[in-house]
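Reader: Could you take me through this one? I would like to go over some charged pairs and then some helix packing.

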Amino acid sequence: MKGSDQLADVAAATRRAPRDRLPALLDVVQSISGLALVMFLGMHLLLDAAILIGPSAADAVARAFEGQYLFGTAHPWIVSLAALALLTLIVVHAVLALRKLPHSTREYVAFRHHLRGINHGDTRLWWWQVVTGMALFFLIAPHLYIVITQPETIGASASAHRVVAERAWVLYAILLPVVLLHAAAGTYRMVVKWGWPKLSRVRLRPWVWGIAGAYCVLGLAALVAYTILGLRLTE
Amino acid sequence: MTDQTAHRKLSFRILRYNPQENGSTPRLQRYELEEADGMTLFIALNEIREQQDPSLQFDFVCRAGICGSCGMMINGRPGLACRTLTRNLPPEITLAPLPIFELIGDLSVNTGRWMRDLGERLETWVHMKAGELDLGHIEETMDPDLAEQIYLLDRCIECGCCVAACGTARMREDFVGAVGLSKIARFRLDPRDARTDADYYELIGDDDGVFGCMSLLACHDVCPKNLPLKTQIAFLRRKIAAVGIK
């Protein structure tokens, strides 16, 4: 067989081979995992705000997640398990998102040069999504480590003690705006990426940033409430 | 009191580099010009070339935003020189060639080769069923609304602005860009094309295709023809993803 015939056969075989379905799956899982994390974050911050009602409300929420009202006694390991599941989801989301990041110095320099030159809001927002995503690797790790290893210390008094005496307020004060910026940018991108719900970017932006801002205020208020309670406890 | 009708003095900083010339190194060259009423960058560049520097290279054909030849980076943003009024720019204007494409010299790039490679790779022509081509047969009529939708996407002039504005394309040279995706969207609409979504998945169902798009949407924002790239790419992503996860 001539060399050119062999090449033609190889080309035909390559052409007939169906393309891997994995890229579609990865793209969909990246969005679904992001959506799940955003929904979790929304619920988490709302429940954190129970401290604004009072310490007993915060304790009631903590005990509810430990299965107190389901099994009659509290089982903090349920919280550990849930946190481990959440960590798995975060890892899946992060690994999938890493595919999109610059992979080499050449790509990094090319993107930074492009970013500076084009002066485009949505391109800049993506970069902030990357920066906050990278920061979250380090900020979420200590937060989840505490939840996984010390689930029994979640409650009004113990959490307030952690916030003030163990100076966890520093971590939470940084984590809150960073995670909200990442979640808001991710939600915005997911809507424009899939084209659903059908909203123009001009109409979408106030919704996304308005909700993120409201959550930031709520989260900061809860942090202040825990700090006040923690200060009272140390006195 | 200042004269409100006085024309501004425009200062152009133009990237000069001729890769064909031995010893040529990239540099920014400054030109000054008095602004005229209704002046476009195309007019300004011609004036510079005629009166100050005949060696300045840039492309143009139609002067009306139809041929897509005069795409360039205008103060860091891709745009057509013939469609850009100097009055909408600050007095200091920096011009550079579109990145990604092969540089011919100064502001002139070879978008044609890139677009041709893209067309061959994505098979951007109507694929009729085998044996269907009958030149003696009268072509099927097309619904006017559908024809209008196809025409809307066919308005792409392949100027390369969307590619130059794309952060993904700047990082990954194999990414097909909004121009590639909008072409697939165009053939997908065409009832004469026998290809299915599964066939299109073979062409754009990976990270060099629709799944590589990070929805930065600068393509949509700079398109001189105002093509609905955001909507088309999102629609295509839904359809192609559906094939992949079936």
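Author: This is a predicted model. One term comes up at once: a residue is called buried under 20% relative accessible area, exposed over 50%, and partly exposed in between. Glu158(B), at 30% relative accessibility, therefore counts as partly exposed.

Reader: And what does Glu158(B) meet in a salt bridge?

Author: Its side chain meets that of Lys183(B), at 2.7 Å from N to O. Glu158(B) sits in the loop between helices H3 and H4 of chain B while Lys183(B) belongs to helix H6, so the pair ties together parts that are 25 residues apart in sequence. Lys183(B) is buried, with a relative accessible area of 16%.

Reader: How many salt bridges are there over all chains?

Author: The count comes to 23. Through shared partners, Glu139(B), Asp154(B), Arg186(B), Asp190(B) and Arg192(B) form one network.

Reader: Switching to packing, at what angle do H6(B) and H7(B) pack?

Author: The angle is about 165 degrees, and the axes of the two helices are 11 Å apart. Since angles over 145 degrees count as roughly antiparallel, that is therefore how H6(B) and H7(B) are described.

Reader: Which residues meet there?

Author: From H6(B) come Leu181(B), Ile184(B), Phe187(B) and Arg188(B), and they meet Asp197(B), Tyr200(B), Leu203(B) and Ile204(B) of H7(B). The residues of this contact divide into 6 nonpolar, no polar and 2 charged.

Note on methods. Residues are numbered from 1 along each chain as its sequence is written. Chains are lettered from A and ligands numbered from 1 in the order in which they are written. This is a predicted model: local features need pLDDT of at least 70, side-chain atom pairs count only at pLDDT 80 or more; totals for chains, interfaces and linings use all residues. Side-chain values use heavy atoms; hydrogens and water are left out. Axes are lines fitted to C-alpha atoms, for helices over the stretch in contact, and angles run from 0 to 180 degrees between N-to-C directions. Helices (H or I, at least four residues) and strands (E, at least two) are DSSP runs, numbered from the N terminus. Angles under 35 degrees count as roughly parallel, over 145 as roughly antiparallel, 65 to 115 as roughly perpendicular and the rest as oblique. Contact means heavy atoms within 4.5 Å. Ala, Val, Leu, Ile, Met, Phe, Trp, Tyr, Cys and Pro count as nonpolar, Asp, Glu, Lys and Arg as charged, and the others, Gly among them, as polar. A salt bridge is a side-chain nitrogen of Lys or Arg within 4 Å of a carboxyl oxygen of Asp or Glu. Buried means under 20% relative accessible area, exposed over 50%, partly exposed in between (1.4 Å probe, protein chains only).
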